[in-house]
Amino acid sequence: GHSWSGNERNRLLLNCGEAGFADVSSSVGLDHEGDGRALAIVDWDQDGDLDLWYRDRSAPRLRLMLNRHAPAQGARDFVALKLEGTTCNRDAIGAVVEVMVKGAPGRLVKSVRAGDLFLSQSSRWLHFGLGKTPRVEKVEVTWPDGTTRTVVDLPANRLLVIRQGGDYETVDFSDAPSP
């Protein structure tokens, strides 16, 4: 009747740079009694920001935390990409995406994964926060079979589907498939 890893409360840590991390769980509503087990990140309400589904061992077992960040409070730009493979696997699992934003140091890098979380799976849409940058300078995709694709000068605040060996298309929020 005992858990080897029981009483693991949900936490949200804010990256404060060189100062380390701050626990902001209580200020965003995640600091509650529960025994956390799983987390999935997805733009559930398809409004451009990321929402959280999380599962606890104790009741209530499943919760949705919708990100209700109001644009009037300092909107941030983003781009969300979904990859579709043709000569590699269709879901492009294993592909690596690098996003370059004009004026920003370095690159933003994410990969398409499957089964990377305990008892959960996040969306295959790769969501990149861009700060207050209205355009993406360049996106480089390295597909699982080693081929690459570069797309330049993309609009921000869009959902984009990039097909291997093909072009990309902008998807309107109202036409976006379920996460």
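## Salt bridges

A salt bridge is taken here as a side-chain nitrogen of Lys or Arg within 4 Å of a carboxyl oxygen of Asp or Glu. By this rule the predicted model holds 12 salt bridges. The model is a prediction in which local features need pLDDT of at least 70 and side-chain atom pairs count only at pLDDT 80 or more, while totals for chains, interfaces and linings use all residues. Residues are numbered from 1 along each chain as its sequence is written, and side-chain values use heavy atoms, with hydrogens and water left out.

One of these pairs is D45 with R68, whose side chains meet at 3.7 Å, N to O. The pair links distant parts of the chain, 23 residues apart: D45 lies in the loop between β3 and β4, and R68 in the loop between β5 (62–65) and β6. Strands (E, at least two residues) and helices (H or I, at least four) are DSSP runs, numbered from the N terminus. Residues are called buried under 20% relative accessible area, exposed over 50%, and partly exposed in between (1.4 Å probe, protein chains only). On this scale D45, at 27% relative accessibility, is partly exposed, whereas R68, at 62%, is exposed.

## Charged pairs on the strands

R135 and D153 form a salt bridge in which the closest N and O atoms are 2.7 Å apart. D153 belongs to strand β11 and R135 to strand β10, so the pair ties together parts that are 18 residues apart in sequence. Both partners are partly exposed: D153 has a relative accessibility of 45%, and R135 has a relative accessible area of 37%.

A salt bridge also joins E98 to R107, with 2.7 Å between the closest N and O atoms. R107 is partly exposed, at 45% relative accessibility. E98 and R107 are linked with K138 and E140 in a network of salt bridges.

## Overall architecture

The chain has one helix and 13 strands. Read from the N terminus, the elements follow the order β-β-α-β-β-β-β-β-β-β-β-β-β-β. Of the 179 residues, 32% count as buried.

Contacts are defined by heavy atoms within 4.5 Å. Among contacts between residues at least 6 apart in sequence, 47% join residues at least 24 apart. The accessible surface (Shrake-Rupley method, 1.4 Å probe; for residues, only the protein chains shown count as cover) comes to about 10700 Å², of which 52% belongs to carbon and sulfur atoms.

## Nonpolar cores

In soluble globular proteins, nonpolar side chains tend to be buried together. A nonpolar core is a set of buried Ala, Val, Leu, Ile, Met, Phe, Trp, Tyr and Cys residues joined through side-chain atoms within 4.5 Å. The largest such core has 22 residues, and L81, L83, V97, V99 and V139 touch the most other members. At least two residues of this core come from each of β6 (77–84), β7 (96–100), β9 (126–131), β10 (135–142), β11 (148–155) and β12 (158–163). Apart from this core lies another, of six residues, including F78, A80, L159 and V171.

Leaving aside residues up to four places away in sequence, L83 touches R90, D91, A92, A95, V97, V112, R124, V141, W143 and I162.

Eight of the eight residues of β6 are buried. Both faces of the strand are covered, with D77, V79, L81 and L83 on one side and F78, A80, K82 and E84 on the other.

Two strands pair if DSSP finds at least two bridges between them. β6 and β9 run antiparallel and are joined by five bridges; F78 stands opposite G129 in β9. β6 and β12 run parallel and are joined by six bridges, and the bridge partner of E84 in β12 is R163.

## The β12–β13 hairpin

β12 pairs with strand β13 (residues 168–171) in the antiparallel sense over four bridges, and V161 stands opposite E169 in β13. Four residues lie between the two strands of this hairpin, in which G165 takes a positive phi near 75°.

## A nonpolar surface patch

L39, I41 and L50 make a nonpolar surface patch of about 210 Å². Patches are made of residues with over 30% relative accessible area and no salt bridge; like charges are joined within 9 Å, and nonpolar side chains (Val, Leu, Ile, Met, Phe, Trp, Tyr) within 5 Å. L50 lies in the loop between β3 (36–42) and β4 (51–56) and is partly exposed, with a relative accessible area of 32%.
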